[in-house]
Every structure is written in C-alpha cells, then in structure tokens.
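Thank you all for making the time this morning. I would like to walk through one model with you, beginning at a single loop residue and working from there into the sheet and its cores.

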Amino acid sequence: MDDVVADVRVAAIASLTPLEELDGDPFLVDPLCARWAADRGYVVTRQLRVHGLRPDHRAPWQGSGDGQVEVFVAANDRVLARAPASAGGFAAECEDQGVRLEFADLEEPVYTARTKAGVHRGLSMPTAGYDGC
C-alpha cells in the first residue's frame with residue numbers, strides 16, 4: 001500500500017437481494033467494502049443497499065455534492081451489476097458527477113451456515129435497534 005489518505009469519504013455499494021435469493025448468494029449484500037476502505041484509511045460515510053435503482057436516482061448521490069461521498073466502491077463487478085439498473089449507466093453517472101467508482105476486487109468468501117446467519121442478522125437487526133455487535 002502506497003499512500004494512505006485518511007479523508008477520502010466512501011459510499012459502499014451492496015445489492016439489495018430478495019430474501020429467497022439471499023441464502024444462495026449472501027456475498028451480494030455482505031458489507032465487505034468497509035474493511036477495504038479501512039485498509040486504505042478511507043472513511044465509509046454511507047452504505048447503500050439497492051437493487052435495480054436507476055443510475056440517475058437521487059438517493060445514491062445525496063452527499064456527493066458537499067463532499068460526503070467522493071468514491072463509490074463495490075466489492076466486484078458482479079455486485080455492481082445487481083445494485084443499479086445499469087452498471088454502465090451508473091459508471092457514466094459517476095463520471096458526470098465527478099465521483100470515482102472503484103472495485104475492491106474482493107474474493108468471495110466461503111459462507112458457512114454461521115456466516116450466512118451473520119449476514120442475515122446484519123440486514124434485519126438494525127431495524128430493531130441492534131448494531132451487529
């Protein structure tokens with residue numbers, strides 16, 4: 001790792017996946033990009049879980065105009081192919097908005113029943129006030 005930049009603000013992208021598909025593909029929603037960002041000294045300011053969202057929808061871009069989001073990161077291109085309606089359209093919108101788009105190029109971990117349950121808890125418990133710890 002070359003230079004670590006501590007003030008880069010990142011929005012991590014994961015795919016919002018229907019529950020019936022989650023057990024077969026938990027990687028799509030696993031927030032692994034937070035570790036990638038931390039390793040670079042970046043700060044995750046937003047975690048986006050979306051599925052089929054129009055690239056020009058205003059939700060992902062909230063905070064990009066005031067510097068709260070400087071980089072969007074997805075675990076890999078497979079995740080980005082599921083999150084917005086068009087990965088290419090999202091990349092073009094990033095360019096238009098002046099926000100970098102990066103891939104963490106993370107290898108997909110092997111999920112056991114226990115780690116899948118952890119992903120499920122992480123998705124469902126925040127709505128009940130649980131922070132995942």
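Let me begin with glutamine 68, which touches Arg9, Thr45 and Gly63 when residues up to four places away in sequence are not counted, a contact being heavy atoms within 4.5 Å. Residues are numbered from 1 along each chain as its sequence is written, and side-chain values use heavy atoms, with hydrogens and water left out.

Where does glutamine 68 lie? Glutamine 68 is found in the loop between helix H3 (58–61) and E3, where helices (H or I, at least four residues) and strands (E, at least two) are DSSP runs, numbered from the N terminus. Glutamine 68 counts as partly exposed because its relative accessibility is 37%; buried means under 20% relative accessible area, exposed over 50%, and partly exposed in between, with a 1.4 Å probe and protein chains only. Although glutamine 68 and arginine 9 are 59 residues apart in sequence, their C-alpha atoms are 5.9 Å apart in space.

That brings us to the chain as a whole. The protein chain has six helices and four strands, and from the N terminus on its elements run β-α-α-β-α-β-α-α-β-α. Of its 133 residues, 35% are buried, and among contacts between residues at least 6 apart in sequence, 79% join residues at least 24 apart.

Now to the sheet, which is open, has four strands in the order E2-E1-E3-E4, and pairs in the parallel sense; two strands pair if DSSP finds at least two bridges between them. The edge strands are strand E2 (43–50) and E4, each of which pairs on one side only. Neighbouring strands are turned by 25° against each other on average, direction ignored, with axes taken as lines fitted to C-alpha atoms, for helices over the stretch in contact, and angles running from 0 to 180 degrees between N-to-C directions. Helix H5 (residues 87–97) packs on this sheet, touching E1, E3 and E4, and its direction makes about 135° with that of E4.

Taking the strands in turn, E1 is mostly covered, with six of its seven residues buried. On the E3 side, four bridges join strand E1 (residues 9–15) to E3, with valine 10 partnered by valine 71, alanine 12 opposite valine 73, and isoleucine 13 partnered by alanine 74. E3 in turn pairs with strand E4 (residues 100–103) over four bridges, and there the partner of alanine 74 is phenylalanine 103.

In a regular strand the side chains alternate between the two faces of the sheet. In strand E3 (residues 71–74), Val71 and Val73 point one way and Phe72 and Ala74 the other way, and all are buried.

Which residues touch the most other members of the largest nonpolar core? They are Val10, Phe27, Cys33, Trp36, Tyr42 and Val73, out of 17 residues in that core, a nonpolar core being a set of buried Ala, Val, Leu, Ile, Met, Phe, Trp, Tyr and Cys residues joined through side-chain atoms within 4.5 Å. The elements giving two or more residues to this core are E1, helix H2 (33–39) and E3, and the largest share, three residues, comes from H2. Apart from this core lies another, of 14 residues, among them Leu48, Trp61, Val69 and Phe72.

I will finish with a caution about confidence. The mean pLDDT of the protein chain is 80, and 83% of its residues reach 70 or more, pLDDT being the predictor's confidence in each residue, from 0 to 100. Over residues 128–133, however, the pLDDT is below 50, and this stretch has one contact in the model beyond near neighbours in sequence. Where pLDDT is low, the predicted coordinates should not be read in detail.
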